[in-house]
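Subject: Structure handover

Hello,

Here is the structure you will be taking over. Please open it first, then read the notes below.

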Amino acid sequence: MKRAGLWLVTVIGEGSVFTKDELRQAFPGVSQIDRRMRDLRDHGWQIHTNREDVSLEPYEQRFVRQGEAVWEPGKGRTKAAAPITATQRREIMARDGNFCRSCGISGGESYAGTYEAAQLDIARRQVRQDDGTSKVELVTECNRCRVGGRQLTADPADVLTGVRQLGRLERRVLAGWVADDRRPFSPVERLWAEYRSLPEESRHKIRQALDAEGAD
C-alpha cells in the first residue's frame, strides 16, 4: 500500500488517469496489488473508477487526491474498515427504500434532463453521537452524490418552462425566494430533510423518540 501510494504521487500525479495494466506492470509479482491500492482510500486518498467518474473506461482509474502520507513513520496503520458484503449491501438498500438518501433518486432512474442512469452504492457516513463522539453508519447514495455532481449540466430553459407552468400564487412565492436568493424553510421542513438523509440506524432512533412522545 505504501509503495502504491508513492507510485501514484511520483509517477502518476494527482488528476491523472492510469490503467490496471500500468499498475500491475509497476508492481510485478505483487499479489492483489489492486486491493492494496484500494486500501489507500481508508487513509483519505481519492481514487475513482468508472463507478464514480462515468468518463472513465472500466479498465481505467483516476488519482484524484492524495490523503495521508502512509509511507511516513507512524502513519498508515489505521485498521481498514471491514468490507461490505453483498448481503449487507442488499439489506441496507432495502431498508433505505432503494433510493439515494441524499437526493432521493432510485437505482436505474435517469437523472433529470439526461440519459444517465443512477447507480446506488453504500457510503460510510460519520454520525455524531450523544456523547460527542462520532460513529460510522452505512447509508445508500447514488454515484452522482458520491462525487459531487461533476457531470451535472444546468438548463435555465427547463427551469423557465417549469416557472411558466406555476399558478399565480406559486409564482409570487417563487419570486420572493428568488429576490431574497434563499428559501426560508420551516423548522419541521428542515428536520424532515435532515431525517431523510440519516442512515437507517439513526432514523430508527428518531422514530422511536417520536413514538415515545406520541405515547405520552
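Gln32 sits in the loop between helix H2 (20-26) and H3. Its phi is positive, about 55 degrees, although Gln32 is not a glycine. Gln32 counts as partly exposed, because its relative accessibility is 47%. Keep in mind that this is a predicted model.

Asn98 is another such case. Its phi is near 60 degrees, again a positive value in a residue other than glycine. Look for Asn98 in the loop between helix H4 (86-95) and strand S4 (120-128). Asn98 has 41% relative accessibility, so it counts as partly exposed.

Now the confidence. The mean pLDDT of the protein is 84. Of its residues, 92% reach 70 or more. Among the elements, strand S1 (residues 17-19) has the highest mean pLDDT, 94. Helix H5 (residues 143-147) has the lowest, 78.

Next, the overall build. The protein has nine helices and five strands. Along the sequence the pattern reads α-β-α-α-β-β-α-β-β-α-α-α-α-α. The radius of gyration is 22 Å, whereas a compact globule of 216 residues would have one near 17 Å. Along the principal axes, the C-alpha trace spans about 70 × 50 × 30 Å. Buried residues make up 28% of the 216 residues. Take the contacts between residues at least 6 apart in sequence: 54% of them join residues at least 24 apart.

On to the cores. The largest nonpolar core has 14 residues. Which of them touch the most other members? They are Trp7, Leu8, Phe18, Met37 and Leu40. Helix H1 (2-12) and helix H3 (33-38) are the elements that give two or more residues to this core. H1 provides the largest share, four residues. Leu8 is worth a click. Leaving aside residues up to four places away in sequence, Leu8 touches Gly13, Phe18, Met37, Leu40, Trp45, Ile47 and Phe63. There is also a second, separate core of 10 residues. Its members include Met93, Ile105, Ile122 and Cys142.

Then the aromatic rings. How many aromatic pairs does a search of the whole structure find? The count is five. One of them joins Trp7 and Phe27. Their ring centres are 6.0 Å apart and their planes meet at 75 degrees, so this pair is edge-to-face. Trp7 lies in helix H1, while Phe27 is in the loop between H2 and H3, so the pair ties together parts that are 20 residues apart in sequence. Both Trp7 and Phe27 are buried.

Trp192 and Tyr195 form a stacked pair. The distance is 5.9 Å centre to centre, with 25 degrees between the planes. Trp192 and Tyr195 are three residues apart in helix H8 (residues 187-196), so about one helical turn separates them. Tyr195 counts as buried, because its relative accessibility is 17%, and the cut-off for buried is under 20%.

Trp7, Phe18 and Phe27 form one aromatic cluster. Elsewhere, the charged end of Arg144 sits over the ring of Tyr111, 3.9 Å from its centre.

Over to you.

Best wishes

Note on methods
Residues numbered from 1 in each chain as written. Predicted model: local features only at pLDDT ≥ 70, side-chain atom pairs only at ≥ 80, totals over all residues. Heavy atoms only, no water. Core = buried A, V, L, I, M, F, W, Y, C linked by side-chain atoms within 4.5 Å. Buried < 20%, exposed > 50% of the residue type's maximum accessible area, 1.4 Å probe, protein only. Contact = heavy atoms within 4.5 Å. pLDDT = per-residue confidence, 0-100. Phe/Tyr/Trp six-rings, centres within 6.5 Å; stacked < 30°, edge-to-face > 60°. Lys NZ or Arg CZ within 6 Å of the ring centre and 35° of its normal. Rg over C-alpha atoms; globule rule 2.2 N^0.38 Å.
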